[in-house]
Structures are given as C-alpha cells and as structure tokens.
Amino acid sequence: MAMLDCVIRGGMVVDGTGAPGRVADVGVRDGRIVFIGRSDEPARLVIDADGLAVAPGFIDVHTHYDAQVLWDPHLTPSSLHGITTAIGGNCGFTIAPMVPDEADYVMRMLARVEGMPTESLEAGLDFGWSSFGSWLDRLEGGGLGVNAGFLVGHSTIRRLVMGSASVSEVATEEQIEAMEALLGQSLAEGGLGFSSTKAAAHNDHHGDPVPSRAATDAEMVALAGVCRDHPGTTLELIPSINPIWAPEIYELMTAMVLAADRPLNWNLLNVRPGEDAYRENRLGSADHARQRGATVVGLLLPDVMQMRLNFATGVLYDTLPDWAEIMHLDPGAKAEALARPEVRQRLLDGAAQAPHRTWVRWAETTVVDVSSTSLEALVGRNVGELAAERGQHPFDVMCDIALEDDLMTGFGPPVVGDDDESWKIRTEMLGDPRVLAGGSDAGAHLDMMMTWGCSSALVGDTVRDRGLLSLEQAVNLVTDRPARHYGLRGRGRLAEGWCADIVVFDPARLTKAPVTTAWDMPGGGWRLTGGAEGIEHVLVNGVETQRAGVLTDALPGKVIRSGRDTDTVTAAGP
C-alpha cells in the first residue's frame, strides 16, 4: 500500500457530528481521510497532536471574498481561524457574470455596500471574464488556499439585464425572463444558488437603492425558482433590517423556498438583552415556512458584534433617518456640512428617531483609532468623558474630532450582548434548528467589521471560558451543521472517505488574536485584520496550509461548484 501523505497522531478527534471526542490517529492519502483509529503506517508528514483537538475544517457560509480571492488566494484572515471552506456571493453582490459596460458600476457598488477600498478594486480587478463559469475557471487556474464557492448575486444579474433602470424600475416580463436565463446559465456553470437583499442599508455609490431592492416579490420568487432545475443549489437573502418583520416578509421567504425547492438562509440575527419580541418575530419566519413544508433559517453570529464606524464612508450611519444625504456627499462637502450647527442638529434629530441603533449612543462610543498623529491621545477614550471635559454634547465632540482627522476617525459603538444573560440566550439559539451559526461578513466592511474570528471565539472562548457548550457541540455548529445545509459533499465531518479538511488546535489556548491594521490591499488600500492563537495545523484537501499560525505556500483548495461538489438539499431541509 502506498505511503500515507499525512498522519495526525494521538489527538482528541472531534468528528463534527457532535459525538464524544476520542483519542485516535487520522490518516490521509490523496486528499481523503483513509482511517481514524490506530496505525503504524509510515507517512510523509507526521503531526504530533498529543494534547490537541483534531476537528473538521471550519466552514463560513457568509463571506464576501469575491474580489479579494483574486489577490489573496488564502482568504485571510478567515483561513487563519481554521476556515477551510468559505461561501461568497452573498446578499446579491457578485462580480460575475459580467459585461464590460457594467463593470465600473458593479465595482463601485461593491465598494460602497460591502466597504471595500475603491482604489483596491480598481487595482485588483481586471474583469477578464464574462460568464460565471469563466470566472470560476479563473479561480481554479490561479490556485486557492481554501475551498471556496459562490452564490449568484441578484443585483449584478439585474444590472446586466436592465442597466441604469435596474435601481428604480419594475422589470418587464421579458426582462425577468432574461434574468432567469442569465441566472440559470450561471448556476449550470457552478454557482451555488441565488442571493439577494431588500435591506434599506444597501445603497449604491450614487446613493440609489441597489438594483435588487427595486424587484417585486414576483421577480424574487421567479428567480428563486430557477434553482429548482439546478442540483446542489440554495437561497440566501437579507429580507429587511427593520426590527420587526411584517407578515409579507414571512410570505416572501416561504414562497421563494417553495418555488426553488431549496432551503433559504437569511442574515442576520442578533442577541441583545431585553429583545425577546425581536427574536420571536424573526424566528417566526422559520415556523411559518415549516408549516408549509419549507426550510428557512437565520444566521446568528456566534460572537459579540464589534464595529468600527466612521464619517468618511458613513456606512450604517446612512441608515439613520435624514442622514443619507449628508453621508453620501463627497468628502469636502461632507466636512463642510458637518461643521454647521444646523446640520448637526438635523442629524441628531434623525438619530433620535432610531434609538434602537447602538451606533446612536454617542456618550457610550469610544475613539478606536485616528489617522492624525496629533490626535493619538484620544485613542481608547470614551466620547462621553471627552464631552464632560470639553463641556460639549457628545455628538459635537465626535464631529469635531472627525473634522480634525479628515473624517477618518474610527468610532466604536458600545458592544451589546456581551452580558451573561445574552450569552445564555445566544447559546440556546445556536442549538435551535431554526438557526445556523454564521454571519461573519469576512472580506467585507474592511474598515468596520471585526467578526471574521467568530468561529475561533465559539470553539475557543465560549467553550473554555463560559462553559455553555461542549467542545463537540461547538465544533458541530461550525462544521457539520453548515455543511449539511449547503449540501457540501464529503465535507464538514472527519470520516473515512471524506475530504481531509482538518484543523488541529489547542482548546486551552484557542482565541482571537488582537485586531491590527494591514496596508496589504492592491492600490495601497488598508483593512482591519487579525489571526488566531492556538491553531497549530490546518490541512485543506490533505495538504498542510498553515503551521502555528503561519501560512504555507500550498494552494490545495477547490472551487466548490453546484452539483459537482454539492448534493441537493430540498425545501424540507437536510
């Protein structure tokens, strides 16, 4: 018998199913697990896992690495947290298929709604593809450090068919048929499903609603229905950011699932103290669907939400009443407006209409970072304390600091949901079949979001420090559960014959490393990033891609194509 490519000896094997862990060796040959047990077979690579956990590679179903994958095949920082399979193309935003006349719009829309530096997209995207399949071919040809699959985005499809009318007009029957044809072709070429958004927060670089927001429910259902004819596909949607959903939203999601005969996952469910009605309303969408034989699940971030907001992009601030006009101005005009007392009062009045938003709690906001060295003493300071010292309203303090800092100041809203009761609720919800762990948004909001390490936080800190889950339960939530929802063939478990996507880590040390700023984007762009501590080895398709937090040069990842690499999960669910 041929020598093993790798053997992982003596680790605590946590197989992803939720079954109790057991000490065993794991043997790998030709990208597959060939045994779990005891063996003295020689191997080219021997990993001593004594005292360590051996688990399936973690899976992140909600990322936006569609652009970054072209210059960062390892999809950092996700891969540094043990992610071996990432799903992109969420929320209706994709860079394929493409036609030359719409490339600039799609690029700038993506930069706006997903918080990516325009200069980096301009430098990193050549749009040297046309069909969805030719884009996936490009990724396969360039090599990947992780497995990556991509949904087909509604806004991109709609823009290609309807042009500038896509942001405001109802599609004709002929236009819907053209969208169905383009979506069908993309799914046939490997797209993992259909994604869309109706969220009021999603506006393009002109300040207009993104194209999918102009779609009727009939259009949404018609496009979802295209998935029915394509094996191994699924649905993803942001139906609304309103705290309480109207019955029409339940009806839309259920109708989409039944038309497609595929499950739907929506983004994003939060946990905050005292919001029982919000959670019951959101989870009611799953109950409504289940009564009709449909599966609807909400993504729940398995960690607290930490954000960095700023007036330069104005993302999230622009969702407040009467804020969008100011936040969408060019930098010079925006600075001039923010200097005027009457504008500040108008913004304050608008924010007062949305008291449930954590980012309007000005006095509890923290100065996270500054671009001007003269302001460095303010980093880490609480805005309320600064306001008391200066004898100003906290919002005036924020505006003054931002104006002195060319609007680049990073502000951190108060973190909610980090109390013991919220963690108890979060843990209970993660075990609910109506909920799926996810929502990291990794690859997007590069100056704002710090949630890419949620899997490390769940499997590490939540198990170890809070004692609310067993290690086996936590691993199941980020491996087998998402894999079965997406029908990922041969992934999500450690089992003989399955793909050798494996993470070896120290449960006593696994945690998120501190967040840093990296100027490593094309065109001189920067991003927030951060790795993990306690991950010792990662294998993707049987090849070691990471050792003690340092990436290797290997690129063994696969493009996950629908049908070829995914099994069909019907409306009834996995």
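User: In this predicted model, what makes α11 and α13 count as being in contact?

Analyst: Contact requires heavy atoms within 4.5 Å. In the predicted model, R344, L347 and L348 of α11 meet F395, D396, C399, D400 and L403 of α13, so the two helices are in contact by that cut-off.

User: Which classes of residue form the contact of α11 with α13?

Analyst: The contact comprises 5 nonpolar and 3 charged residues, with no polar ones.

User: Why are α11 and α13 called oblique to each other?

Analyst: The axes of α11 (residues 341-351) and α13 (residues 394-404) cross at roughly 125° and come within 11 Å. Angles of 65 to 115 degrees count as roughly perpendicular and those over 145 as roughly antiparallel, so an angle between these ranges is oblique. The pair is therefore oblique, and the crossing of α13 by α11 is right-handed.

User: How much space lies in the largest pocket, and which residues lie nearest its centre?

Analyst: The largest pocket holds about 980 Å³. Its lining consists of 49 residues, with I241, L268, N270, L316 and W359 nearest the centre. Elements giving at least two residues each include α1 (100-113), β12 (264-269) and α8 (276-290).

User: What makes 27 residues of that lining nonpolar?

Analyst: Leu, Ile and Trp are among the residue types that count as nonpolar. By such classes, the lining of the largest pocket divides into 27 nonpolar, 12 polar and 10 charged residues.

User: What is the volume of the second largest pocket, and which element gives the largest share of its lining?

Analyst: The volume of the second largest pocket is about 730 Å³. The largest share of its lining, 3 residues, comes from α1.

How values were computed
Residues are numbered from 1 along each chain as its sequence is written. This is a predicted model: local features need pLDDT of at least 70, side-chain atom pairs count only at pLDDT 80 or more; totals for chains, interfaces and linings use all residues. Side-chain values use heavy atoms; hydrogens and water are left out. Axes are lines fitted to C-alpha atoms, for helices over the stretch in contact, and angles run from 0 to 180 degrees between N-to-C directions. Helices (H or I, at least four residues) and strands (E, at least two) are DSSP runs, numbered from the N terminus. Angles under 35 degrees count as roughly parallel, over 145 as roughly antiparallel, 65 to 115 as roughly perpendicular and the rest as oblique. A crossing is left-handed if the near helix is turned anticlockwise from the far one by less than a right angle, and right-handed if clockwise. On a 1 Å grid over the protein atoms alone, a cavity is a set of points where a 1.4 Å probe fits but cannot get out, and a pocket is an open set with protein on both sides within 12 Å along at least five of seven lines; lining residues have an atom within 4 Å of a point. Grid points are joined across faces, edges and corners, and a volume is the space filled by probe spheres set on the points.
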